[in-house]
Amino acid sequence: GYAQENQPEPKRGSILPGYIITLQGDTVKGYLLNINLWLNQKMTFLYKDSADREGRVKYKPKEIKAYQVGPRYYESVDHPFTNSMRSDNFLLRKVDGRIKYYVWYFDEDKTKLTYSDNISLADLGKAFLFDESELWKNEFARKGNEVTLTEFGLKFLMKFAKNMSEFVSDDVELAQKIAGKTEGYKNINIEAIIREYNDWHLKTQLKK
């Protein structure tokens, strides 16, 4: 679950090795189209061969459980995300482990990117050229077997020391660093905090 996290970011519009996970839990390997961080959340295209640009199958979030394209891993999630017209989307998982860390990307002004189920080649071309650094993002996490996502939104961040220390309270030492507002354990360090917690949890499990 960790090998994908340190790989370089894939080029927009590239066809990369990957796989989909069907609704039945089967893994189908092949090659997938990396569109961009925004449109990857809406759909994916599976190719049997990287050179076969015509023989592709399009999948939407309701049709598969997850997919991986290069280093990017997406899970199908039913949640009302910012600036999304629908609740079913693919959500990028950036960290795996006891706590899974996700990021949702969106176009704040709603004018640069458009989406429809019948996306055209022109729309895809526009998405390939879009600068991903212009996207805004929301952060989420899922701990253990919890079904509901925890959103690191304004309400959570306004009392970050209290909320985050409670979220990782089983790691007492880490929780104390967060509650004490230690440098490196603040609301700009969410991903690093989750990685530290996951390392701690893995070590405690190995000792059992």
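This is a predicted model: local features need pLDDT of at least 70, side-chain atom pairs count only at pLDDT 80 or more; totals for chains, interfaces and linings use all residues.
By about how many helical turns are glutamate 173 and lysine 177 separated in helix 4? The separation is about one helical turn, because the two residues lie four apart in helix 4.

**Overall make-up**

The protein chain contains five helices and ten strands. Of its 208 residues, 47% are buried. Contacts between residues at least 6 apart in sequence include 54% that join residues at least 24 apart. The chain has an accessible surface of about 11500 Å², and carbon and sulfur atoms account for 51% of that area.

**Salt bridges**

Side chains of opposite charge can pair when their charged atoms come close. The whole structure holds 13 salt bridges, including those in the table.

| Salt bridge | N to O distance |
|---|---|
| Glutamate 75 – arginine 93 | 3.2 Å |
| Aspartate 96 – arginine 93 | 3.5 Å |
| Glutamate 173 – lysine 177 | 3.9 Å |

Glutamate 75 pairs with arginine 93 in a salt bridge. This pair connects distant parts of the chain, with glutamate 75 in strand 6 and arginine 93 in strand 7, 18 residues apart. Both glutamate 75 and arginine 93 are buried. Arginine 93 has a relative accessibility of 8%, so it counts as buried under the 20% limit. Arginine 93 also forms a salt bridge with aspartate 96. Aspartate 96 counts as buried too, because its relative accessibility is 16%.

The pair in helix 4 involves glutamate 173 and lysine 177. Glutamate 173 is exposed, at 54% relative accessibility, while lysine 177 is partly exposed, with a relative accessible area of 24%. Elsewhere, shared partners link salt bridges into one network that joins Glu75, Arg93, Asp96, Lys100 and Arg142.

Most residues other than glycine have a negative phi. Which value does phi of asparagine 83 come near? Phi of asparagine 83 is near 60 degrees, a positive value in a residue other than glycine. Asparagine 83 sits in the loop between strand 6 (72–78) and strand 7 (88–95). With a relative accessible area of 31%, asparagine 83 is partly exposed.

Lysine 181 has a positive phi as well, near 55 degrees. This residue belongs to the loop between helix 4 (172–179) and helix 5 (190–207). Lysine 181 is exposed, because its relative accessible area of 58% is over the 50% limit.

Definitions and conventions: Residues are numbered from 1 along each chain as its sequence is written. Side-chain values use heavy atoms; hydrogens and water are left out. Buried means under 20% relative accessible area, exposed over 50%, partly exposed in between (1.4 Å probe, protein chains only). Contact means heavy atoms within 4.5 Å. Accessible areas come from the Shrake-Rupley method with a 1.4 Å probe; for residues, only the protein chains shown count as cover. A salt bridge is a side-chain nitrogen of Lys or Arg within 4 Å of a carboxyl oxygen of Asp or Glu.
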